[in-house]
Amino acid sequence: MPRILVIDDQADVRAMICIVLRINQFEMVEAASATAALKAFENSKFDLAIVDIFLQGTNGFDLIAMMRERVPNLPIVAISGMTMLDLVSQSPELANVVCLQKPFRPNELMAAIEAARRFNSMTVASQASVTA
């Protein structure tokens with residue numbers, strides 16, 4: 001069962017995401033802050049992360065960069081209620097991040113997760129062919 005780290009400082013958003021993930025047979029760990037997310041990330045292996053860009057006291061972009069330092073090909077879905085998601089494409093350390101604007105529907109969340117997983121598998125395959 002794939003494990004997903006869900007990082008959002010709004011409990012209701014985390015709860016909605018987790019309901020959708022549970023229905024779709026994912027295991028999830030919730031984090032309400034970047035600090036809690038990094039602690040969970042250090043203690044467990046995750047197949048994907050869903051990261052809110054505007055966390056209280058922390059920039060989600062920085063959190064994504066820190067997670068990618070440890071696991072370079074980690075599939076990530078960045079979520080935000082603002083249009084700041086356009087900045088993701090301008091930052092090289094945030095390459096291959098799938099963006100999803102709040103509010104979103106369950107089917108949009110699942111499509112973003114699948115896109116992030118597909119994007120990651122294509123990246124890993126192209127890196128393997130370069131090193132071969």
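Is Cys 18 buried or exposed? With a relative accessibility of 1%, Cys 18 counts as buried, because buried residues are those under 20%. Keep in mind as you read that this is a predicted model.

**The cysteines**

Cys 99 gives another result: its relative accessibility is 32%, so Cys 99 counts as partly exposed. What about disulfides? A disulfide is a covalent bond between the sulfur atoms of two cysteines. Counting pairs of cysteine sulfur atoms within 2.5 Å gives zero disulfides here.

**The chain as a whole**

Let us step back and look at the overall layout. The chain has four helices and seven strands. If you trace them along the sequence, the pattern reads β-α-β-α-β-β-β-α-β-β-α. There are 132 residues in the chain, and 43% of them are buried. The chain also exposes about 7100 Å², of which carbon and sulfur atoms supply 55%.

**Two helices side by side**

Now find helix H2, which covers residues 34-43, and helix H3, which covers residues 60-70. Their axes are 11 Å apart, and the helices pack at an angle of about 10°. Angles under 35 degrees count as roughly parallel, so H2 is roughly parallel to H3. On the H2 side, the contact is made by Ala 34, Ala 37, Leu 38, Phe 41 and Glu 42; on the H3 side, Leu 63, Met 66, Met 67 and Arg 70 take part. Sorted by type, the residues of this contact are seven nonpolar, two charged and no polar.

Apart from neighbours within four places in sequence, Ala 37 is in contact with Leu 5, Ile 7, Ala 31 and Leu 63.

**Loops worth a visit**

Where is Pro 75? You will find Pro 75 in the loop between H3 and strand S6 (76-80). Its relative accessible area is 7%, so Pro 75 is buried. Setting aside neighbours within four places in sequence, Pro 75 is in contact with Asp 47, Leu 48, Ala 49, Ala 116, Arg 117 and Asn 120. Asn 120 is 45 residues from Pro 75 along the chain, yet their C-alpha atoms are separated by 5.7 Å.

Another proline, Pro 103, lies in the loop between strand S7 (97-101) and helix H4 (106-131). Lys 102 and Pro 103 are joined by a cis peptide bond, with omega about -10°.

Finally, go to the loop between helix H1 (11-23) and strand S2 (27-31), where Gln 25 is found. Although Gln 25 is not a glycine, its phi is positive, at about 65°. Gln 25 counts as exposed because its relative accessibility is 53%, and the cut-off for exposed is over 50%.

**Accessibility at a glance**

Here are the residues whose accessibility we met along the way.

| Residue | Relative accessibility | Class |
|---|---|---|
| Cys 18 | 1% | buried |
| Pro 75 | 7% | buried |
| Cys 99 | 32% | partly exposed |
| Gln 25 | 53% | exposed |

Technical notes:
Residues numbered from 1 in each chain as written. Predicted model: local features only at pLDDT ≥ 70, side-chain atom pairs only at ≥ 80, totals over all residues. Heavy atoms only, no water. Buried < 20%, exposed > 50% of the residue type's maximum accessible area, 1.4 Å probe, protein only. Areas by Shrake-Rupley, 256 points an atom, 1.4 Å probe, with all protein chains shown as cover. Axes fitted to C-alpha atoms, helices over the stretch in contact; angles between N-to-C directions. Parallel < 35°, antiparallel > 145°, perpendicular 65-115°, else oblique. Contact = heavy atoms within 4.5 Å. Nonpolar A, V, L, I, M, F, W, Y, C, P; charged D, E, K, R; others polar.
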